Amino acid sequence: MHFLGHRYFRELLSLRMPPADFVICGSGPLYARGWIDDPTGLDIVARGEAWKIAAELGPIEAAPYSAARRVPLFGGDLDVFDDWFPEIGTVDELIERADIIDGLRFVTLDVVATTKLMMGRDRDRAHLAVLRAHGHPAP
């Protein structure tokens with residue numbers, strides 16, 4: 001199945017956020033490449049109009065792992081953040097440097113690897129192994 005057919009991506013596209021104002025983080029870039037079977041939700045970093053759309057749709061709350069704010073949508077399928085991890089890059093940098101796959105922006109694999117290393121959960125370690133298996137020099 002093509003990744004855009006997955007429920008999480010259908011939900012994301014239903015928000016009609018301007019593609020230039022958000023980037024998909026977390027496991028989404030691995031799923032879009034067909035490297036994992038389930039992203040377990042999508043993490044989106046948004047700015048400008050995209051953040052405004054998300055903020056109007058749900059409660060704004062503190063993000064669990066950084067100083068960012070998030071809006072959980074679709075019962076937690078999507079988490080829209082106003083920042084990611086500042087030590088990795090600004091929102092503008094993440095969006096501008098993103099890989100574009102089927103018209104959507106995904107953080108680069110370097111950002112995925114750095115984030116997964118920082119988080120260190122079991123699934124993050126498994127995803128680092130997936131990156132290495134696909135030739136990325138993940139730590």
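In β5, Asp79 is the bridge partner of Pro72. The model is predicted, with local features needing pLDDT of at least 70 and side-chain atom pairs pLDDT 80 or more, while totals for chains, interfaces and linings use all residues. Residues are numbered from 1 along each chain as its sequence is written, and side-chain values use heavy atoms, without hydrogens and water.

**Exercise 1.** Find how many bridges join β4 to β5, and which way the strands run.

*Solution.* Strands are DSSP runs (E, at least two residues; helices are H or I, at least four), numbered from the N terminus. Two strands pair if DSSP finds at least two bridges between them. Four bridges join β4 to β5 (residues 78-81), and the strands run antiparallel. In their hairpin, four residues lie between the strands, and Phe74 takes a positive phi near 55 degrees.

**Exercise 2.** Describe the pairing of β3 with β4.

*Solution.* β3 (residues 61-62) and β4 (residues 69-73) are antiparallel and joined by two bridges. Ala62 stands opposite Arg69 in β4. The two strands form a hairpin with six residues between them.

**Exercise 3.** Decide whether Lys116 is buried or exposed, and list its contacts.

*Solution.* Lys116 lies in helix α5 (residues 109-119). Buried means under 20% relative accessible area, exposed over 50%, partly exposed in between (1.4 Å probe, protein chains only). Lys116 counts as buried because its relative accessibility is 3%. With contact meaning heavy atoms within 4.5 Å, Lys116 touches Gly26, Ser27, Asp124, His127 and Leu128, not counting residues up to four places away in sequence.
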